[in-house]
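Please open the model in a viewer and keep a selection panel at hand. The stops below are arranged so that each selection leads on to the next.

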Amino acid sequence: MKLIVGTRGSALALAQTDSIINLVLEKFPDLEIEKKIIRTKGDKILDKSLDKIGDKGLFVSEIERELLEGTIDFAVHSLKDMPTKMSPGLKLAQTPPRQDPRDVLVINPKHQVRHEDLGEWLRTNQGLKIGTGSKRRTSQLKRINETIEPIMIRGNIGTRIEKLVSQDLDAIVLAAAGINRLGIDSLNLYHFSYEDMIPACGQGALAIEVRSNDENTDRIFGFLADETTCVEVEAERTFLKVINGGCHVPVGAIVKKDDHKWTLLAMYGKEDCSSIVYGQMSFEPSLEDAKRAGRDLAMDLVKSLENQER
């Protein structure tokens with residue numbers, strides 16, 4: 001049996017796809033899986049921030065079209081890029097184990113800062129130029145240090161790391177998961193705590209997308225499902241869906257687990273990043289209660305933001 005998987009062509013997208021292929025082939029060695037690289041709108045337009053060129057779906061629409069047309073059998077995406085409302089005829093397989101969801105600050109090598117001093121360096125230096133194309137990251141950076149000057153950068157991880165030096169930026173913000181999946185270990189990194197930087201909903205998790213009526217292909221991925229990750233992303237993506245957040249507003253959510261206590265942490269703000277609200281809600285580790293927490297916390301934060309504006 002042969003399957004064709006659709007993927008973007010960046011080094012990270014290919015690494016993510018290869019990781020799923022390898023896991024599947026370990027379980028089903030008689031399968032043959034061929035990769036098909038598909039360029040998306042988000043890959044083609046690199047001179048504008050994401051909120052200027054569209055919304056969720058920028059990195060998946062073209063791939064979904066081929067999936068619906070039957071030219072590919074399944075697709076692998078970063079879950080944080082997936083719209084919360086699935087296209088008719090498509091669905092997500094259960095979520096595999098998640099990588100590190102945190103954001104990291106990548107420091108320009110010109111700054112000889114010891115790792116244990118990076119937090120203080122970020123908070124106390126005036127006018128740091130930090131590269132990011134995300135309103136979520138921008139608004140939280142300004143909360144850490146209001147003098148930070150966010151610089152819009154786009155591109156894959158390698159391109160952004162090159163721009164760190166070529167544009168003489170002090171630092172850039174990336175997802176830890178991408179750095180880990182690419183095996184990059186030569187960078188001076190500061191890992192943000194969830195108190196400082198709430199990640200994008202679903203960050204670090206992969207999405208495997210299949211046709212809704214293709215039960216055979218869907219069944220292949222059943223063994224990859226990770227129960228903990230499935231509960232986490234249920235809470236985070238329900239929050240995102242209810243709050244109707246995308247590229248145009250700063251929004252993020254993450255599940256934190258301490259001593260068997262599960263808590264959904266979230267942030268939400270105005271489109272111009274002038275007002276940001278935070279909240280949290282504890283829940284039981286079940287899909288149903290995760291969904292409730294995501295829904296209730298989203299409604300709470302919408303009310304909080306409205307009250308701030310009065």
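**Stop 1**

Select I4 and then E34 of strand 2, which stands opposite I4. Strands here are DSSP runs (E, at least two residues) and helices are DSSP runs (H or I, at least four residues), both numbered from the N terminus. The model is a predicted one, in which local features need pLDDT of at least 70 and side-chain atom pairs count only at pLDDT 80 or more, whereas totals for chains, interfaces and linings use all residues. Residues are numbered from 1 along each chain as its sequence is written, and side-chain values use heavy atoms, with hydrogens and water left out.

Helix 1 has 17 residues and reaches 25 Å from its first C-alpha to its last, close to the 24 Å expected at 1.5 Å a residue; the expected span is 1.5 Å times one less than the number of residues. Which residues of helix 1 are buried? They are L12, A13, Q16, T17, I20, I21 and V24, where buried means under 20% relative accessible area, exposed over 50% and partly exposed in between (1.4 Å probe, protein chains only). An α-helix has 3.6 residues a turn, so residues three or four places apart point the same way.

**Stop 2**

Next, display the open sheet of five strands, whose order is 7-6-8-5-9 and whose pairing is mixed. Its edges are strand 7 (149-151) and strand 9 (189-191), each of which pairs on one side only. From one strand to the next the twist averages 30°; axes are lines fitted to C-alpha atoms, for helices over the stretch in contact, and angles run from 0 to 180 degrees between N-to-C directions.

Select strand 6 (residues 129-131) and strand 8 (residues 171-175), which pair in the parallel sense over two bridges. I130 has A171 in strand 8 as its bridge partner. Helix 7 (residues 157-166) packs on the sheet, touching strand 5 and strand 8, and its direction makes about 165° with that of strand 8. Helix 6 lies across strand 5 (103-107), strand 6, strand 7 and strand 8, running at about 130° to strand 8.

Within helix 6 (residues 135-144), pick S139. S139 counts as buried because its relative accessibility is 8%. Leaving aside residues up to four places away in sequence, S139 touches P250, M267, C273 and I276, contact being heavy atoms within 4.5 Å.

**Stop 3**

Move on to the open sheet of three strands, which has the order 11-12-13 and antiparallel pairing. Strand 11 and strand 13 stand at the edges with a single partner strand each, so one side of each is left without a neighbour in the sheet. Neighbouring strands are turned by 20° against each other on average, direction ignored.

Strand 11 and strand 12 are joined by eight bridges, and D258 has K261 in strand 12 as its bridge partner. Helix 10 packs on this sheet, touching strand 11, strand 12 and strand 13, and its direction makes about 150° with that of strand 11.

D259 lies between strand 11 and strand 12; its phi is near 50°, a positive value in a residue other than glycine. D259 is exposed, with a relative accessible area of 77%. C273 is in the loop between strand 12 and strand 13, with a positive phi near 65°, and counts as partly exposed at 24% relative accessibility. Most residues other than glycine have a negative phi.

**Stop 1: helix 10**

Finally, select residues 227-243, helix 10. How many of its 17 residues are buried? The count is 12, so that helix 10 is mostly covered. Among them are C230, F239 and L240. The buried residues pack against strand 4 (90-92), strand 11 (251-258), strand 12 (261-269), strand 13 (276-283) and helix 11 (287-309). N244, which follows helix 10, has a positive phi near 60°.

A search of the whole structure finds zero disulfides, a disulfide being a pair of cysteine sulfur atoms within 2.5 Å. For C230, the nearest cysteine sulfur is that of C201, 16 Å away. C230 counts as buried at 13% relative accessibility.

Definitions and conventions:
Two strands pair if DSSP finds at least two bridges between them.
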